[in-house]
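Take a look at the sequence and the 3D structure below.

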Amino acid sequence: MDHKHILVVGAGAIGGLYAAYLAKVAEVAVLDTNQAHIEAIRRHGLALTGRTESVTKLAAFAHAAEMGKRSFDAVIFLVKSQATEAAFRSIHPVLEGRPVLVTFQNGMGNEERLMGLTGLDVAHGVSFEAARYEGPGRVHHLVHGEDSWLGPARGKVESVAWLGELMTRSGLPTRVVADPRGAIWGKFIFNSVMNPIGAIVMGVNAARYDVPEMRALIDDMAAECIRVAEAQGIKLEFDPMYLVKKIREGKAPLTRHAGSMAQDIEAGRETELEAMTGYVVRKAKELGVPVPVTESVYRMAKGVEYAAKAKREGR
């Protein structure tokens, strides 16, 4: 395989993890608006801890203009969903050639947004790696080993087959398929259910498992989300709640991690609620699928998000 050039846009938790792994087998640059993070990577490299212990030297930029005109084979977006359009517009003036644009983001709608902004090939996928941003230049690797899925949203399978092979060689096993929506929606449903509930229970993961009423709420919400996927003709590749069931059965440990949305609210960051649970609610209305439980959880999570912001601002 020819030496490939890849830009990772958003070098936080998963973006940092992907950049560090792909740098083993390709020329990788990262772009992130966190100036302190970029400066730490420039000075000391990108450090992974936890499941992976490594320090990786790579090109790092806080502004697209710093890169100058550059040619990449792929641009991987791992920013929050609400930042996708701004991120693309920032890099578009400096991109040369015809890179494939790839989204591994948690929120839904990113591939449609990218296709509306450009005529470039666009691919979408899902990762089951888990990581946490620990501070400037540092990412803690939490979960490793399950296959990622990748496929074209616009373009042919061949346009991304090389990237799947590259990711697998780097240590991130990846399946390339013609239609990855069954895997994408599997994880998307898990996130759309468990993330807002994690925020509602104030980041206490045990509350999602030890309280019978919360378990029932999770099951009802998941059933509604699955019906929304089925109404689109999407065949799920796996049970979205398989990990929840393993934890309930004692076959997997209960961790303290209650999801990224709870972490975002605690840290004062904007959440991806609209690109997760909000997307399900809007899609359900479009399809005529009733989702009363999901809509109620969405409404409560909106209130939690507002209340947390008001508290921080002393209101």
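## Two faces of helix 8

On one side of helix 8, Glu-213 and Glu-230 are exposed (over 50% relative accessible area with a 1.4 Å probe and protein chains only; buried is under 20%, partly exposed in between). This is a predicted model, where local features need pLDDT of at least 70, side-chain atom pairs count only at pLDDT 80 or more, and totals for chains, interfaces and linings use all residues. Residues are numbered from 1 along each chain as its sequence is written, and side-chain values use heavy atoms, leaving out hydrogens and water.

Now for the buried residues of helix 8: Met-214, Ile-218, Met-221, Ala-222, Glu-224, Cys-225, Val-228 and Ala-229. They sit on the same side of helix 8 because they cover an arc of only 165° around the axis (taken from the directions from the helix axis to the C-beta atoms). Their cover includes helix 6, helix 7, helix 9, helix 11 and helix 12. Helices here are DSSP runs (H or I, at least four residues), numbered from the N terminus.

## Meeting helix 6

Helix 6 (residues 181-200) and helix 8 (residues 212-231) have axes that come within 10 Å and cross at roughly 145°. Those axes are lines fitted to C-alpha atoms over the stretch in contact, with angles from 0 to 180 degrees between N-to-C directions. Contact, by the way, means heavy atoms within 4.5 Å.

Among the residues that meet are Trp-185 and Ile-189 in helix 6, and Met-214 and Leu-217 in helix 8.

## Just past the end
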